Amino acid sequence: PKETANSSGYNEFCGGKGLNQSCAAAKAGAEVFHAGMIGKDGQMLKDMLVSSGVDVSLVRGIDAPTGHAVIQVDSKGQNAIIIFGGANRLITQEYVEEVLDQFEAGDILLLQNEVSSGARAIDLAHEKGMTVALNPSPYDSALEECDLTKVDLFILNEVEGAQMAGIESADPDVLKEALQKKYPGAGFVLTLGSEGSCYFKGETFARQPIFSVKAVDTTAAGDTFCGYFLAGLAQQLPVEECMRRAAAASALAVSRKGAAPSIPVKEETEAFLKENGAAK
C-alpha cells in the first residue's frame with residue numbers, strides 16, 4: 001500500500017483463462033473449439049489460438065475493448081493479477097445459444113468465470129447432455145446465479161474450493177468432505193500449489209505430487225493443468241494419467257515466462273515425463 005516500485009521489465013502476452021485453457025487442451029491433443037468475444041484489438045488472441053491448433057470459427061468481434069489483465073510477477077515468480085473484463089463480459093445469452101447449438105451430448109463444455117452469461121451456458125449444456133466443466137475463477141457473486149448442481153466437474157484451487165464450500169479452512173481433507181457434501185454428483189480436481197493436486201468423485205480418489213522445477217512465472221500454471229486434464233478425459237485416459245500429464249505440463253509452463261506462450265505441446269510434455277519419471 002502507498003508504495004511505488006520500479007519494474008525490471010514490461011511484456012505483453014496473450015492470455016485469459018479461456019484462451020490459456022483452450023491452447024493447453026489443443027496442445028495436449030484434443031479437438032478444441034473456442035468461443036468468446038474480442039474487440040478490434042483482439043486479433044493477436046485469435047492468431048495465438050490458431051497457432052495452438054484451436055478452431056476459432058465461433059469467436060466474434062464486437063465494438064468494445066478486448067479483455068485485459070495486468071499481471072505483476074515478483075522476484076520469486078509469484079503473481080498478482082487485476083482483470084478488466086471488456087468484451088468477455090458482453091457475451092449474450094443469444095450468443096451462448098448460437099454457440100452451443102453446434103454441439104451435442106458427450107461433448108465437453110469448459111467454462112470460467114471471466115465471461116458473462118455463464119448461467120445460461122451451464123443450463124443449456126446440461127440440457128443437451130454435454131459434460132460441463134467449470135473453473136470457478138475469479139470467484140464472485142455471478143457464480144451464485146448459476147445452478148452449480150448441473151456442473152459435472154469442478155477444477156479449482158484450495159482458495160476457490162473454500163469459497164465454494166462456504167468454509168474458511170483450505171485443508172484438502174476438510175475441503176473434500178465439504179465439497180462432496182454440497183455437490184455429491186460432481187467430480188473435483190483440486191490444485192494445491194507446491195502440494196500438488198488431487199481428484200475426487202464419490203469413492204474415487206487420486207493424488208498427484210508436483211514435478212520440481214525452478215519457477216519463473218506461475219501465471220498459466222492452473223490453466224495449463226486444466227486444459228491438459230480435460231484433454232486427457234476427452235481421450236478417455238485414466239484419471240491418474242490425466243493428472244500426471246497435467247502436472248508435467250504445468251511444471252514446464254511455470255519454468256517459462258508468459259501465459260499462453262509458456263504452455264508446452266504434447267511432445268514436450270511426453271519428453272519431460274520420460275526424463276523425470278514420477279513426480280516428487
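I began with strand E7 (residues 153–157) and found that five bridges join E7 to strand E8 (residues 187–191), the two strands running parallel; strands here are DSSP runs of E of at least two residues, helices are runs of H or I of at least four, and both are numbered from the N terminus. Two strands count as paired if DSSP finds at least two bridges between them. Within this pair I looked up isoleucine 155, whose bridge partner in E8 is valine 189.

I noted that this is a predicted model, in which local features need pLDDT of at least 70 and side-chain atom pairs count only at pLDDT 80 or more, while totals for chains, interfaces and linings use all residues. Residues are numbered from 1 along each chain as its sequence is written, and side-chain values use heavy atoms, with hydrogens and water left out.

Next I followed the whole sheet, which is open and is formed by six strands in the order E5-E6-E7-E8-E9-E10, with mixed pairing. Its edge strands, each pairing on one side only, are E5 (108–112) and E10 (204–208). From one strand to the next I read an average twist of 15°, with axes being lines fitted to C-alpha atoms, for helices over the stretch in contact, and angles running from 0 to 180 degrees between N-to-C directions. Across E8, strand E9 (197–201) and E10 lies helix H8 (residues 239–254), which runs at about 25° to E10; contact means heavy atoms within 4.5 Å.

I then turned to helix H3 (residues 93–100), where Tyr95, Val96, Val99 and Leu100 are buried, that is, under 20% relative accessible area with a 1.4 Å probe and protein chains only. Seen down the axis of H3, these buried residues fall within an arc of 125°, so they line one face of the helix; the arc is that of the directions from the helix axis to the C-beta atoms. Among the elements covering them are strand E1 (37–38), strand E2 (60–61), E5 and helix H4 (118–128).

My last entry concerns alanine 28, which sits in the loop between H1 and E1. Is alanine 28 buried or exposed? I found alanine 28 buried, with a relative accessible area of 4%. Leaving aside residues up to four places away in sequence, alanine 28 touches Tyr228, Ala231, Gln235 and Lys266. I also looked up valine 265, which is 237 residues from alanine 28 along the chain, although the C-alpha atoms of the two are separated by 6.1 Å.

Conventions: Buried means under 20% relative accessible area, exposed over 50%, partly exposed in between (1.4 Å probe, protein chains only).
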